[in-house]
Amino acid sequence: MADDHRQEQDLSTVQTSTDHQAVVNMEQNLADEKGGLMDLSGVKLELNRPETAPPDARLYNGAEAEVAFAVPSAAPAAAPEEKPVKIGGGGDISENIARGFFAYRPGAFDLAVETTKSEVLLPDVDGSLRGAWLLTEIDHWDSEKERLVLLTDNCLIVVFFDFVASKIQSFKRIVLKNLTSVKIGPFEYPPNSIMPRRAGVGVQMFWSRQEVSVAQKWNPFNRDIPYAIFASHPLIERTLRDPDVYRVETFHVALVQGCQSTRATQSPNLPALNVIEGPVMIESYASLWSLIHNQSRLGFSRERGGVSF
């Protein structure tokens, strides 16, 4: 028993001595590290500390370890929103819808103008061509129709041009000196009308001072209404050409200038043209046909599910 107890004391003494020596070696190694050398069981590693190391860098065998720093990637750019096109009562159109208009196709507008010049214009009656526009005509029942409008020295020619078949379906000629007033302003409906309100502005022209009768107003097929209302074409902001050919405000400026010039040179004794800025009234109350017609854009030459009309 005494031998066993003595052996345990010897082992404890050896263990204590070993632990003390390990602590001494660790302190010596730490002291050596400050001088640039570390004793690791006889192996010397030279530590070259960079003066300014990245906070996440590590030293390995005296060389700075390559650490990949994650850089937040930029968020992918959001796709540009398609700018909506505000027209009369038809709503907004996208680029895909715009491509469905036959007038959108390259050369379609120029072909329509050249066809009208050769088939309709009469130089001795109309004079020279001053300008051409593709606009939306709004009839007295609030139905939208695509119309090619040509302004000449003496006349305004409104053409129903079929862009699908590339031919003229009908036209009307309005003598400029017969116009009595031209109005421009926002669209307005009677207070008790249930028709959807229109955005944008309209241009209304009158060539008679007579009041429109009730029978004329309530006949959707009447073509003797002595006025016309125009709005910008839906392609005004989705066009491959100058958007002014679809802009009703540009048309208004040219129309007023043309009328005033014609009166001054040809009929100076006529009363001056009445130019008005104010609401353009559309006296439509509850036209179900116009709602369907405008929503489906039946008044425009378009491709409709493989069928074009």
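Is Cys 155 buried or exposed, and what is its relative accessible area?

Author: This is a predicted model, in which local features need pLDDT of at least 70, side-chain atom pairs count only at pLDDT 80 or more, and totals for chains, interfaces and linings use all residues. Residues are numbered from 1 along each chain as its sequence is written, and side-chain values use heavy atoms, with hydrogens and water left out. Cys 155 is buried, at a relative accessible area of 2%, where buried means under 20%, exposed over 50% and partly exposed in between, with a 1.4 Å probe and protein chains only. Cys 259 is likewise buried, at 0%, and the model has 0 disulfides, a disulfide being a pair of cysteine sulfur atoms within 2.5 Å.

Cys 259 also belongs to a core of 22 residues, which includes Leu 156, Ile 174 and Leu 179; a nonpolar core is a set of buried Ala, Val, Leu, Ile, Met, Phe, Trp, Tyr and Cys residues joined through side-chain atoms within 4.5 Å. The largest nonpolar core has 26 residues, of which Phe 109, Leu 134, Leu 148, Phe 163 and Leu 235 touch the most other members. Beyond its neighbours within four places in sequence, Leu 235 is in contact (heavy atoms within 4.5 Å) with Ala 98, Phe 101, Ala 103, Tyr 104 and Tyr 246. As for Phe 163, its backbone nitrogen is reached at 3.3 Å by the side chain of Ser 301, a residue that is itself buried, with a relative accessible area of 5%.

Technical notes
Polar contact = N/O pair within 3.5 Å; in protein donor to acceptor, adjacent residues only side chain to side chain.
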